[in-house]
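Here's a walk through a two-part story: what goes on inside a chain, and what happens where chains meet. Keep the viewer open and follow along.

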Amino acid sequence: MVEVGRHQNTRNFCIIAHIDHGKSTLADRLLEFTGALSEREMADQVLDQMDLERERGITIKAQAVRLNYKADNGETYTLNLIDTPGHVDFTYEVSRSLAACDGAILIVDAAQGIEAQTLANVYLALEHNLEIIPVINKIDLPSAEPDRVKKEIEDIIGLDASDAVLASAKEGLGIKEILEQIVEKIPPPKGDESKPLKALVFDSHYDPYKGVIAYIRIMDGTVKPGMEIKMMSTGKIFEVNEVGIFRPFMTSVDELGVGDVGFIAASIKNVRDVRVGDTVTNAKKPADKPLPGYRQVTPMVFCGLFPIDGADYDNLRDALEKLQLNDGSLMFEPETSIALGFGFRLGFLGLLHMEIIQERLEREYGLSLITTAPSVVFRIYKTDGEVIEIDNPTNMPPVQNINKMEEPFVKATAMVPNQYVGAVMDLAQEKRGVFLNMEYLTETRVTLTYEMPLIEIIYDFFDLLKSRSKGYASLDYEFTGYRESDLVKVDIMVSGEIVDALSSIVHSDKAYQKGRQLADKLKDIIPRHMFEIPIQATIGNKIIARETVKAMRKNVLAKCYGGDISRKRKLLEKQKEGKKRMKQVGNVEIPQEAFMAVLKIE
Amino acid sequence: MAIGIYIHVPFCLKKCNYCDFVSYPYDADLAASYVYALGKEMSYQLVNMGSEHREVKSIYLGGGTPTVLTGEQLAAILENCRKSYQVADDAEITVECNPGTVNPDKLGRIRKAGANRVSIGVQAYQQELLARLGRIHNWQEVESAVRHSRQAGFDNVSLDLIFGIPGQSMRQWRDTLDRVLALSPQHISAYNLKIEPDTPLHRDVCSGYLIPCDEELELEMYWYVIGFLTGNGFVHYEISNFARPGREARHNLIYWRNEEYLGFGPAAHSMLEGRRFSNVEKVELYINRLNRNESGIQNQQYLSREERISETVFLGLRLIEGLDLDAFKQSYGQSIFEIFAVQLKRLSSLGLVKIEDNRLKLTEKGLPLANEVFAEFI
């Protein structure tokens, strides 16, 4: 039986930080300080579990952990730390993690101050009415300027930073103070145990023995094994086998009640039945309405994925199926390319999501892959009255059969320090942005809002935005709808043959320029062969650009010194290894990066 | 079968700007310890390798710059070698020389110790090009090195050249060849400069201080040296090597025919009875090991059949006469057509290889593309 009012001593919080500002290290220290892990168990940076996350320093999947803390007031508190992903692709996931919290620790680097990425999440946290505890980290650095950073927090975010904790997660300084502030400042969870169950799903993972594990925060009611639960977005019903908490390893408990953060296992086979943002309720006594904010996640970005070695097709499918077990937002279906053979068309939340999946396939499953340039879903009104949607340029019907075309637009919001406003406005204009609004948040910080084609955003907008604002601009975007656009397909011919996987759909104003730049780029990417390779860009039957990869004339080994054959052998092996990373199209070996070249042109 | 012996002398007065081989600044004390260690290694290897019954048909002292050592040291090395190994009476015994580090006395001394061939690092005629390569000699020193070699009794003189030097013109290359021919060498090696990473030359090219030679010009230089030397009585017998008939470098033929050899000294490589091994690179480490009566070997590996096959092919193809396909079949029990059917078909359709007199050879088109051909057999 859940003790009534127990949740008065519960605190649910997350940590908001820019990459490298010390989120993982601080999380480790909190775990250590509260004894959640013995030092021996303490693998560094427990919360970021994927190798890839550690390397990139970003959190891709949310994680949760429960800490017990005996405060100075003599009471023992249950603290639930919910980790949040930190990238624009995953804004929705972040918002759901925040919705599971009542407060947030904001970490700011004492030397670097507030950075763009942090801001978007801070604003998101403020939208959810979270109590924010500022922590100035890395005060042990010689370049630390805590007073300047305090002022920044007050000026830019408008938070009172007078009580900000001065900490060094690395040195273990300020950890106790942070815990005390969590207890004092963050309100206990509200909710009513007697009401029907309402639990927010903020993440999930697939367990081969238990099925899909739902990560939940209980808003009202209780849940325990044997209970029938209903997923409110789909209406699907499951019987609970197990409920538990994260310590940080999954630990069964008898029951979860108001304010608890934990997991539910209910022999759920399909990860799509556990949707982030969904509300879990009691099937027999359902809540009258779900928690607000649920959104069905739909892929926005599509690309083709082809094994370099055709024999890997089945391995690729198996790998995708495995990844999908843990990633409900990943979609795929078979695709056939004339140039690249059999592969899959994949749908992603955004570009980072795409890169992560590709990297995991290559690294964890040892697959060598060709990724084609990302595309969005275009809507085509044909002359015969039919309306089709294509996510692959190859499928675009001939121009004469097209009445009009539409492409997806988004409302893009960039937060920019005022000295970069001009540069960012220029960039938005170049990317076909339509100016909507400009607003000064503080004297130095501006929000710019544009309506822009999604395809421009997924190409290189984010990278350019960062480089033109020296990393200070942040970006968020949301889909607004389809707009008519004057679009054409640019094809690329290599040695006289169209390589379908190199086709792209672009705005007609930019088609010539893009075609020329792409041909020029490919000329440098495609290595020299024993014969000359013409590269042409075409629109319809019209050739708009031509470049030539000259024939290789010379490649000789230098002197073979003192019988060091193994060294020569290594050189030849390296040369050969390079070829393995390429796809043979006709008689031309095309490197992987060629298929992404369209992204790299301005 | 008889074997070859390679002795690595890892010292130079100054390392050249293009060199990425193992070499250290000359130090008299270190050199003396090295010569002593080398003697120990030669007798040590004899006992351990079971090579005492193998006749030695060639000895090659390479570097580095062997001639930074004294005539006495070089003679001692050769004498130690004879002490441990059965060196054939007609063995080819080569000492690499750099102009500026030899004199009549030193040359006389090594000739007396049995050396019968010198290979002189000439590289170029023009002073500006020599300076760009970081060579410390000038043309006068080349001429006197050749003259003194002759006077000391060397009738087999090989000259090393480099083409494709940043800033080198076709005219400079022609002049170099004219000057070199006038010295009447028995053998000429003409290597296309390869700019290796982590060399001063590489840094100069990366920084834009030097502009690498145009590839078409390099090709033109290559075709020119082939035409020029074959027109003047030389046999073009290997991608980069030319000889008066009968003066082909017997030691290097051992490598190209994938025969056996022993290497002594730091970083030296050996190939014996299907096993390849190499010594530690650091000269101090090498000396310490041998002083403790330990082996200098750092790596060793038994070659698989596939490895032996691919090496036989890519080494053999370096020779203009190509690879003897009967001998190949005899060694490996399978014809090359069974093993490399796809590769051979592709390469011959591209016009890079041909088969003549039951030998697999590079075509004229294939010569400058040799690496592309070799990689197919890896």
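Before any labels turn up, here is what they stand for: helices (H or I, at least four residues) and strands (E, at least two) are DSSP runs, numbered from the N terminus. What you're looking at is a predicted model, where local features need pLDDT of at least 70, side-chain atom pairs count only at pLDDT 80 or more, and totals for chains, interfaces and linings use all residues. Residues are numbered from 1 along each chain as its sequence is written, while chains are lettered from A and ligands numbered from 1 in the order in which they are written.

A:R432 sits in the loop between α9 and β22 (434–440) of chain A, and has a positive phi of about 65 degrees despite not being a glycine. A:R432 is partly exposed, because 18 C-beta neighbours lie inside 10 Å. For that label, C-beta atoms are placed from the backbone, and a residue is buried if 20 or more other C-beta atoms lie within 10 Å of its own, exposed if 12 or fewer, and partly exposed in between.

Now step back into the helix on one side of that loop. Two packed helices are described by the angle between their axes and the distance between the axes. Helix α9 (residues 421–430) of chain A packs against helix α10 (residues 454–468) of chain A at about 160 degrees, and their axes are 9 Å apart. Axes here are lines fitted to C-alpha atoms, for helices over the stretch in contact, and angles run from 0 to 180 degrees between N-to-C directions. That makes α9(A) and α10(A) roughly antiparallel; angles under 35 degrees count as roughly parallel, over 145 as roughly antiparallel, 65 to 115 as roughly perpendicular and the rest as oblique. On the α9(A) side you'll find A:A423, A:V424 and A:L427, which meet A:L464, A:L465 and A:R468 of α10(A). Contact between two residues means that their C-beta atoms, placed from the backbone, lie within 7 Å. By type, the residues of this contact between α9(A) and α10(A) come out as five nonpolar, no polar and one charged. The classes go like this: Ala, Val, Leu, Ile, Met, Phe, Trp, Tyr, Cys and Pro are nonpolar, Asp, Glu, Lys and Arg are charged, and the others, Gly among them, are polar.

Next, helix α1 (residues 23–33) of chain A. Nine of its eleven residues are buried, so α1(A) is largely enclosed by the rest of the structure. Among the buried ones are A:K23, A:D28 and A:R29. The cover over the buried residues of α1(A) includes β1 (10–17), β2 (64–70), β3 (76–82), β4, β5 (131–137) and α6 (175–185) of chain A. Just after α1(A), A:G35 takes a positive phi of about 70 degrees.

Strand β4 (residues 103–109) of chain A contains A:D109, which is buried, with 22 other C-beta atoms within 10 Å. Setting aside residues up to four places away in sequence, A:D109 touches A:H18, A:H21, A:N137 and A:K138. A:D109 and A:S168 are 59 residues apart in sequence, yet 9.6 Å apart in space, C-alpha to C-alpha.

In the loop between β25 and β26 (497–498) of chain A lies A:S495, a non-glycine with a positive phi of about 50 degrees.

On to a sheet. An open sheet of eight strands in chain A runs in the order β10-β9-β14-β7-β8-β13-β11-β12, with antiparallel pairing. Strands pair here if DSSP finds at least two bridges between them. At the edges stand β10 (237–239) and β12 (250–253) of chain A, each with a single partner strand, so one side of each has no neighbour in the sheet. From one strand to the next, the twist averages 40 degrees. Inside the sheet, three bridges join β9 (residues 228–231) of chain A to β14 (residues 279–282) of chain A, and A:M231 stands opposite A:V280.

Finally, the two chains together. Their contact takes 30 residues from chain B and 21 residues from chain A. On the side of chain B that touches chain A, α15(B) gives the most, with five residues. That side of chain B divides into 17 nonpolar, six polar and seven charged residues.
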